[in-house]
Every structure is written in structure tokens, then in C-alpha cells.
Amino acid sequence: MSDTPINLEALRQRIDQLDGDIVRLISERASCAQQVAHVKLAEDENAIFYRPEREAQVLRRIMALNEGPLDAEEMARLFREIMSACLALEKPIKVAYLGPEGTFTQQAALKHFGDSAVSLPMAAIDEVFREVEAGAVNYGVVPVENSTEGVVNHTLDTFIDSSIRICGEVVLRIHHHLLVSENTRRDKITRIYSHPQSFGQCRKWLDAHFPHAERVPVSSNAEAAKLVKTEWHSAAIAGDMAAKLYGLAHIAEKIEDRPDNSTRFLIIGSDDVPMCGEDKTSVVVAMRNQPGTLHDLLEPFHRHGIDLTRIETRPSRTGVWNYVFFIDFKGHRDEPGVAAMLEEVSQQALELRVLGSYPQGVL
Ligand SMILES: O=C(O)C(=O)C[C@]1(C(=O)O)C=C[C@@H](O)C=C1
């Protein structure tokens with residue numbers, strides 16, 4: 001501790017000085033980013049400005065440098081916003097997400113790209129894919145799995161017929177609240193709206209606290225929140241963003257049955273992402289319908305010491321795709337061990353497609 005006497009006036013003067021320094025430094029950083037944009041354009045007139053691998057490296061470095069008192073994630077979130085603003089100076093990016101406004105997917109999009117990205121709600125997962133494929137937006141964000149309810153089948157199925165690449169992942173802690181319009185009393189609630197996945201995530205709480213209320217599934221949590229705005233006998237299960245957007249009151253907070261309830265979202269785009277050092281790869285593999293198929297598929301992963309993080313089976317949708325496996329593992333397709341393993345798997349498979357190698361989620 002310094003022996004300078006601590007008084008409010010002196011501390012505020014110091015904060016003003018530091019703020020001045022921070023503003024100068026952020027501005028200098030933003031000018032660097034503008035120059036980066038010029039360099040990228042000079043190298044390639046179709047330059048890609050958003051660089052997920054670089055962003056992951058920047059955020060990991062910030063977390064490693066941080067010595068407190070702010071925690072490392074908090075510090076990284078501040079830098080997430082600085083980088084988002086720097087990227088918007090280079091070139092604003094457009095991101096489509098599974099809407100409507102106020103969904104957890106929008107929250108995930110903002111967590112991943114920061115507030116300076118332009119985010120556009122889409123009515124369905126397929127539309128998010130279509131907008132990216134058509135080049136109407138730069139990236140898309142779709143949910144892929146929840147820790148309580150499991151995989152979002154629709155997202156996986158959409159990959160089967162699409163040429164889209166996975167460019168990143170973001171994991172969001174999901175907190176559900178029971179929300180009502182300001183005129184609704186708890187004892188008057190006869191109906192609860194929510195997305196079917198959210199009902200699944202709050203099943204025990206609902207059985208204990210509202211066993212007789214009718215549960216009405218709707219297309220999203222945000223849609224549920226919108227509906228209860230004008231209904232006095234209804235409540236919605238939704239998150240903070242939807243509550244704020246529709247000005248709803250909380251009857252009960254964090255009603256999810258599992259405190260670690262979280263959802264993983266994928267960032268989809270049109271380009272491959274270079275290696276960042278802590279990467280993941282997602283592949284889809286079609287195998288012949290014969291004994292020992294799963295063993296044959298997984299053996300090369302084991303032999304090359306590759307760490308599987310997820311495997312899902314989906315029914316085939318064409319005659320050729322007898323068995324379709326979605327597999328996630330640690331590593332990048334450009335690493336020699338990974339490339340060798342993929343080559344071996346593709347020899348045995350009817351088809352193998354790499355959906356993308358991308359940085360493991362940082363925040
Ligand atoms: O390093 C780059 O390529 C940049 O464009 C700079 C920067 C940054 O602000 O650090 C901005 C956007 C990119 O997505 C990655 C990093």
C-alpha cells in the first residue's frame with residue numbers, strides 16, 4: 001500500500017487521469033485497426049475483416065495478462081467490446097440470428113461479436129443458414145445443444161444439405177425467469193407460455209410451483225414474453241433480454257432445474273478459419289450400415305490421440321446417408337495428426353465433410 005492519504009477528491013482526480021489515458025490508448029488501438037484494414041485491402045480486394053482466430057488469441061492473452069481486481073472474464077468482456085468497435089471501423093459486420101428480438105440466440109450473438117455488430121432476427125434456423133449462403137449477412141448464430149435438453153436436431157439436420165462452414169462457438173449460461181405483465185398477480189396465473197426446450201429445462205420447478213397451469217409451447221421465449229404483455233392470467237418463461245425488451249416483471253428468477261444450464265451456439269459463415277492454437281473441429285460422417293461401423297469410425301481418433309468432445313447420430317435423409325454421425329473434437333484440420341486421422345476416416349466412410357475448424361469458445 002502507498003502511504004498517500006486516501007481521499008475522495010484525490011481518487012477521482014486519479015480516475016480522471018486514467019480515463020484520459022485509456023481514451024488515448026483506445027483511440028490509438030482503433031487507428032491501428034483502421035491501418036490493418038488498409039493492409040488487408042491492399043493484399044486482397046475481397047479481404048475478410050473479421051478474424052475469429054485472431055480475436056480468440058487477443059481475448060486469451062488479455063485474460064492471461066489480467067491480475068485483478070477485475071476477474072479475467074470481466075476484463076475480456078471489456079476488450080470484446082473494444083474489438084467489436086475496432087472491427088466496425090474496419091467494416092461493420094451483419095449477423096443473422098434465430099429471432100425474434102430478445103432470444104437467447106441474440107444474447108449469444110452479442111456475447112460473441114459485441115454490441116457494434118448489426119444483428120438481424122430471422123424467423124427460423126433455415127433462414128439463418130439461407131441468409132449466410134446468399135451473402136445477405138456475413139455470419140449467422142444458431143443454437144446447437146443444451147446441457148439439460150440435449151441437441152437441437154434441426155440445426156444438425158440443416159448442416160447435412162448445406163455448404164456452410166462453422167467459424168466459431170459460444171456457450172451461454174441460460175437463466176430462465178417466470179415473467180408477467182405488471183397487472184398480473186401470481187395467484188391468477190392459469191397459463192404459461194414458453195419454448196418447448198425451456199419447459200424441459202424448468203420441468204421440476206413448474207411441477208412444484210405451478211402444477212395446474214396450462215403449459216403452452218410457442219416458437220421462442222421472446223414470443224412468449226411478447227404474448228403475456230397483453231394477457232393478465234398468463235406468464236412467460238424467458239430470459240433477461242426478453243424481460244427488458246417487453247418491460248415484464250419477475251415473479252420468480254433462475255427457475256431452471258439445473259444451475260449449470262447452458263446452451264452452445266454455433267457461428268456459421270462462408271470461409272474457413274485458420275488455426276489459433278486452441279481449436280475445435282466439427283465433421284459429419286456417413287457410414288455404411290454394417291456391424292462394427294462405430295468402432296471403425298472411432299478407432300483412428302483413439303490411435304491419433306484426438307480428444308472427442310461430442311458425437312451425435314442422426315437418421316439419414318437420403319439413400320446414400322445410411323448412418324450420419326456429427327462429431328466434434330479438439331484440434332484443427334491443418335494440424336498433421338488431425339489431417340492424417342481425417343484421411344483415414346474418409347477411406348472408410350461413404351462421405352466425410354469437415355463442417356469447420358474454429359477457435360474453442362473463449363468467453
Ligand atoms: O488483427 C486484425 O486482423 C484486426 O482486424 C484487428 C482486430 C482487433 O481489433 O484486434 C479487429 C477485428 C478482427 O476480427 C481481429 C482483430
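In which hand does H2 pass H3? I started my notebook with that one.

**Ground rules.** I am working with a predicted model, where local features need pLDDT of at least 70 and side-chain atom pairs count only at pLDDT 80 or more, while totals for chains, interfaces and linings use all residues. Residues are numbered from 1 along each chain as its sequence is written, and side-chain values use heavy atoms, with hydrogens and water left out.

**Entry 1: two helices.** I found that H2 passes H3 in a right-handed crossing (left-handed would be the near helix turned anticlockwise from the far one by less than a right angle, right-handed clockwise). Helices here are DSSP runs of H or I with at least four residues, strands are E runs of at least two, and both are numbered from the N terminus. H2 covers residues 52–65 and H3 residues 72–90; they pack at about 145°, with axes 9 Å apart. Axes are lines fitted to C-alpha atoms, for helices over the stretch in contact, and angles run from 0 to 180 degrees between N-to-C directions. I listed the touching residues (contact means heavy atoms within 4.5 Å): H2 brings Glu55, Val58, Leu59, Ile62 and Met63, and among those from H3 are Phe79 and Leu87.

**Entry 2: domains.** Next I looked up how the chain is divided: domain 1 (4–89), domain 2 (92–174 + 262–268), domain 3 (177–252) and domain 4 (273–359). These bounds come from an automatic or database domain assignment. The C-alpha centres of domain 1 and domain 2 are 25 Å apart, and 9 residues of domain 1 are in contact with 11 residues of domain 2.

**Entry 3: a sheet of 4 strands.** I traced an open, antiparallel sheet with the order S13-S14-S12-S15; two strands pair if DSSP finds at least two bridges between them. S13 (308–315) and S15 (351–359) are at the edges with a single partner strand each, so one side of each has no neighbour in the sheet. From one strand to the next, the twist averages 15°. S13 pairs with S14 (residues 323–330) over 7 bridges, and I spotted Thr313 opposite Phe325 in S14. Helix H12 (residues 336–348) packs on this sheet, touching S12 (279–287), S14 and S15.

**Entry 4: a sheet of 5 strands.** My last stop was an open sheet with mixed pairing, ordered S8-S7-S9-S6-S10. Its edge strands are S8 (214–217) and S10 (249–252), and its twist averages 35° from one strand to the next. S7 (residues 191–194) runs parallel to S8, joined by 4 bridges, with Tyr193 opposite Val216 in S8.
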